[in-house]
Amino acid sequence: MTNKKVTIKDVAKHSGVSITTVSQILNGKKHQFHPDTVKKVLQAQEELGYAPDYFARRMVMKKSLTIGIIVPDITNPFFATLVKGIEDVLFSSGFMTILCNVDMNLTKGKKAIEALNHRGVDGVILASSGISITEVLNQELFQKIPIIELDQQVTTQTFDSVRTDDYRGGELVATLLNDTKHKQAVALFPKDMSPNILKRLIGFTENFNGQVEVLPTELSKQSGKEMVRTILNTNATAIFAANDEIAFGVYAGLSEVGKKVPDDYSVVGYDNIEMSEYVYPPLTTVSQPIFELGQKTADLLIDRIKHPDKDETELILPVTLIERLSVARP
């Protein structure tokens, strides 16, 4: 004995309404119908165990109700929180996400782009500077749907952008180190910087009154730890890390060689991820509204999907300096 697949026609018959009515209610147009009608349809769907056919719905609606998200490293708490903010909005709006973790790997990034193309996503949030927008636009689909480069340089056809005030973040760090009388600092930043990270470095170097040596560093704890030996050969009394992950690595590296924060070196991070307040001493860092950044990005993308011809939008979210115990006078 085989179980017959429940169809939309069965739901319509069970609830006593037309197939068109059932289709519209199940596809997000509940507001167009009387609450009693909506209740009957949803109750029939539940009782019969009906699940809309994804591909059939896509053919009818010309939409997949899915959004692609491309990030470089989901194990980084910044991106984990960012994606959580994005999904918070998308899910409540009826969209599901396809998350692609590309590890700054161009080959992996191209594969992710091809996969999203084949699945007919309705939009893409590109949060990885390791993927060229040119590579994205090589796929025909992506020339027709909105793409937001999150916290990166604006180059897409819609010119929508959401970012934080990175220059101001660097400036806040410079002011703090100026106020605490530091004259020598190292900045641990990637060799190939995305535009947003470059802005925070420029904000720092243009406003710090002393001398700055920029040391090329990957955005990881391990890289921060490995840079300590190099830092020891400088005259620096302060260390500005491009993100909190690097700063945590610096903490570990300094501890291994018998140096203390902030007695021997003041350390400032960037992002204010959750662990910043739990390391010892608690890390002074620039706080980005990461969850809100994700939410605003999702809101902007949904609005662009609904209104493809609207004027371009640029959102710049503020940052703040969270002073804890990792900075002192040299």
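Ring pairs tie Phe189, Phe204, Phe208, Phe240 and Tyr270 into one cluster; here, rings of Phe, Tyr and Trp (its six-membered ring) pair if their centres lie within 6.5 Å, with planes under 30 degrees apart called stacked, over 60 edge-to-face and the rest tilted. This is a predicted model, where local features need pLDDT of at least 70, side-chain atom pairs count only at pLDDT 80 or more, and totals for chains, interfaces and linings use all residues. Residues are numbered from 1 along each chain as its sequence is written, and side-chain values use heavy atoms, leaving out hydrogens and water.

The ring rule gives five aromatic pairs. Take Phe78 and Phe79: their ring centres sit 5.1 Å apart with planes at 85°, so this pair is edge-to-face. Both are buried, that is, under 20% relative accessible area, against over 50% for exposed and in between for partly exposed (1.4 Å probe, protein chains only). Phe189 and Phe240 are also edge-to-face, because their centres are 5.3 Å apart and their planes at 70°. Phe189 belongs to strand E6 (residues 184–189) and Phe240 to strand E8 (residues 238–241), so the pair connects parts 51 residues apart in sequence. Strands (E, at least two residues) and helices (H or I, at least four) are DSSP runs, numbered from the N terminus. Phe189 is buried at 0% relative accessible area, and Phe240 counts as buried at 0% too.

As for the strands, E6 and E8 run parallel, joined by four bridges; strands pair if DSSP finds at least two bridges between them. Leu188 stands opposite Ala241 in E8.
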